[in-house]
Amino acid sequence: MSDLNNDVLFWSYKLGDLELPNRIVMAPMGRSRADEGGVPTPLMAEYYSQRATAGLIIAEATTISAEGLAYDLMPGIYTDQQVAGWKSRTTRDGTSPCSSRDRIWLIEARG
Ligand SMILES: Cc1cc2nc3c(=O)[nH]c(=O)nc-3n(C[C@H](O)[C@H](O)[C@H](O)COP(=O)(O)O)c2cc1C
């Protein structure tokens, strides 16, 4: 039987200036849980809270402009409401050992 204390997956890790409490890292994925205006929702807060014991969460594709919107209900970070939505999501678990980083979504100009 495995002993969690001796399992390297659960050992802390220093990644640059981040002190990760364990080595479990969540890959970025599109989740389509923002509202129609790209504002992060309480559902997103719940989703990330449920996973907050991961060592690191790379959040999700987040657009920096309306032109970068790639699919419905994708979050943005270019309006005051979107920024406020992200803050309410990231501060909900202020005591969590989890660090989250947003993936900035860049769409190439075409045509
Ligand atoms: C911004 C972004 C969004 C992504 N969205 C998804 C997704 O919705 N579904 C998915 O399976 N992989 C998605 N990926 C790829 C995953 O992060 C991951 O690389 C992939 O699932 C394969 O896992 P692996 O890298 O551990 O092999 C996304 C990657 C990026 C950078």
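**Pairing, burial and confidence**

Mentor: Let's begin with a bridge: Val25 has Leu56 in β4 as its bridge partner. Residue numbers start from 1 along each chain, following the sequence as written. The model is predicted: local features need pLDDT of at least 70, side-chain atom pairs count only at pLDDT 80 or more, and totals for chains, interfaces and linings use all residues.

Trainee: What makes β3 and β4 a pair?

Mentor: Pairing takes at least two bridges found by DSSP between two strands. β3 and β4 have 2 bridges, in the parallel sense, so they meet the definition. The chain goes from β3 through α1 to β4, a right-handed β-α-β crossover. Right-handed means that, with the strands pointing away from the viewer, the path from the first strand over the helix to the second runs clockwise.

Trainee: How many helices and strands does the chain have, and what counts as one?

Mentor: The chain has 2 helices and 5 strands, in the order β-β-β-α-β-α-β from the N terminus. Both are DSSP runs numbered from the N terminus: a helix is H or I over at least four residues, a strand is E over at least two.

Trainee: Why is Tyr48 called buried?

Mentor: A residue is buried if 20 or more other C-beta atoms lie within 10 Å of its own, exposed if 12 or fewer, and partly exposed in between, with C-beta atoms placed from the backbone. Tyr48 has 24 other C-beta atoms within 10 Å, so Tyr48 is buried. Tyr48 belongs to helix α1, residues 42-50.

Trainee: Which residues make up the largest nonpolar core?

Mentor: Ala34, Met44, Tyr48, Ala54, Ile57 and Ala59, 6 residues in total. A nonpolar core is a set of buried Ala, Val, Leu, Ile, Met, Phe, Trp, Tyr and Cys residues joined through C-beta atoms within 7 Å. α1 and β4 are the elements giving two or more residues to this core. As a rule, nonpolar side chains in soluble globular proteins tend to be buried together.

Trainee: What makes β4 mostly covered?

Mentor: In β4, 6 of the 8 residues are buried. Over the chain of 111 residues, the buried share is 19%.

Trainee: Why does Ser32 count as exposed?

Mentor: Ser32 has 12 C-beta neighbours inside 10 Å, so the residue falls on the exposed side of the cut-off. Ser32 sits in the loop between β3 (25-26) and α1, and has a positive phi of about 50° although not a glycine. Most residues other than glycine have a negative phi.

Trainee: What does Ser32 touch beyond residues up to four places away in sequence?

Mentor: Tyr71, Asp72, Leu73 and Met74. A contact needs C-beta atoms, placed from the backbone, within 7 Å. Leu73 also has a positive phi, near 60°, and lies in the loop between β4 (56-63) and α2 (80-91). With 15 other C-beta atoms within 10 Å, Leu73 is partly exposed.

Trainee: Why is Asn22 called partly exposed?

Mentor: Asn22 has 19 C-beta neighbours inside 10 Å, so the label is partly exposed. Asn22 is in the loop between β2 (18-20) and β3. Leaving out neighbours within four places in sequence, Asn22 contacts Leu9, Phe10, Trp11, Ser12 and Gly55. C-alpha to C-alpha, Asn22 and Leu9 are 6.3 Å apart, at 13 residues' distance in sequence.

Trainee: Where in the chain is confidence lowest, and where highest?

Mentor: pLDDT is the predictor's confidence in each residue, from 0 to 100. Strand β5 (residues 99-105) is lowest, at a mean of 55, and strand β1 (residues 13-15) is highest, at 93. Residues 94-99 have pLDDT below 50, and that stretch has 9 contacts in the model beyond near neighbours in sequence. Residues 107-111 are also below 50, with 3 such contacts. Where pLDDT is low, the predicted coordinates should not be read in detail. The chain as a whole averages 81, and 75% of the residues score at least 70.

Conventions. Contact = placed C-beta atoms within 7 Å.
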